[in-house]
Amino acid sequence: MAEKLVLMLLTIDPDHPHTCGTPFFQAAVAAAMDMEVEIYFASRSVRLLINGVADKIYPSDNKLKSVYQFMCDAANLGVRFYACGGALQAYAVEPDMIIPECTGIAGGTAYISRVMDDAWRSISY
């Protein structure tokens with residue numbers, strides 16, 4: 001069994017909060033199973049990395065847990081978050097606007113390298 005998982009957030013959008021919890025829940029589950037996990041934020045999903053965005057949205061109507069809390073659960077288990085540099089630029093996100101849980105900037109080359117590596121499995125959202 002592969003022990004590494006990479007997730008691509010391409011269609012996840014803070015404007016549609018109901019789509020935003022599952023990737024972080026599944027990443028946390030994989031990390032709790034001792035898997036190495038990376039999440040790549042592309043397109044509109046990169047806005048989740050802006051301070052104050054994810055903590056104001058909830059994936060369900062009961063509002064028991066914000067998207068940011070799901071993100072923190074994953075990060076606290078060792079999941080690494082990577083922002084697409086092009087997406088950051090497209091949404092005018094400056095480094096001082098990014099949440100501390102963001103590991104760094106990495107784009108298509110890093111993600112495709114993971115997808116093509118037999119040691120990794122991938123999920124795209």
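This is a predicted model: local features need pLDDT of at least 70, side-chain atom pairs count only at pLDDT 80 or more; totals for chains, interfaces and linings use all residues.

Trainee: How many salt bridges does a search of the whole structure find?

Mentor: The search finds 9. One of them joins the side chains of Arg 47 and Asp 15, at 3.2 Å from N to O. This pair links distant parts of the chain, 32 residues apart: Arg 47 is in the loop between strand E2 and helix H2, and Asp 15 in the loop between E1 and H1.

Trainee: Is Arg 47 buried or exposed?

Mentor: Buried means under 20% relative accessible area. Arg 47 has 18%, so Arg 47 is buried, whereas Asp 15, at 47%, counts as partly exposed.

Trainee: Which residues does Asp 13 touch, leaving out those up to four places away in sequence?

Mentor: Asp 13 touches Thr 19, Cys 20, Arg 44 and Arg 47. With a relative accessible area of 8%, Asp 13 is buried. Its side chain reaches the backbone nitrogen of Asp 15 at 2.8 Å and makes a polar contact of 3.4 Å with the side chain of Arg 44.

Trainee: Which residues are linked in a network of salt bridges?

Mentor: Look for Lys 4, Glu 36, Glu 38, Arg 80 and Arg 114. Arg 80 pairs with Glu 36 at 2.7 Å and with Glu 38 at 2.7 Å. Glu 38 is in strand E2 and Arg 80 in strand E3, 42 residues apart.

Trainee: And which residues make the nonpolar surface patch?

Mentor: Met 1, Phe 25, Val 29 and Met 33 make that patch, of about 490 Å². Phe 25 lies in helix H1.

Key: Residues are numbered from 1 along each chain as its sequence is written. Side-chain values use heavy atoms; hydrogens and water are left out. Patches are made of residues with over 30% relative accessible area and no salt bridge: like charges are joined within 9 Å, nonpolar side chains (Val, Leu, Ile, Met, Phe, Trp, Tyr) within 5 Å. Accessible areas come from the Shrake-Rupley method with a 1.4 Å probe; for residues, only the protein chains shown count as cover. A salt bridge is a side-chain nitrogen of Lys or Arg within 4 Å of a carboxyl oxygen of Asp or Glu. Helices (H or I, at least four residues) and strands (E, at least two) are DSSP runs, numbered from the N terminus. Buried means under 20% relative accessible area, exposed over 50%, partly exposed in between (1.4 Å probe, protein chains only). A polar contact is a pair of N or O atoms within 3.5 Å; within protein, one must be able to donate a hydrogen and the other to accept it, and residues adjacent in sequence count only if both atoms are side-chain atoms. Contact means heavy atoms within 4.5 Å.
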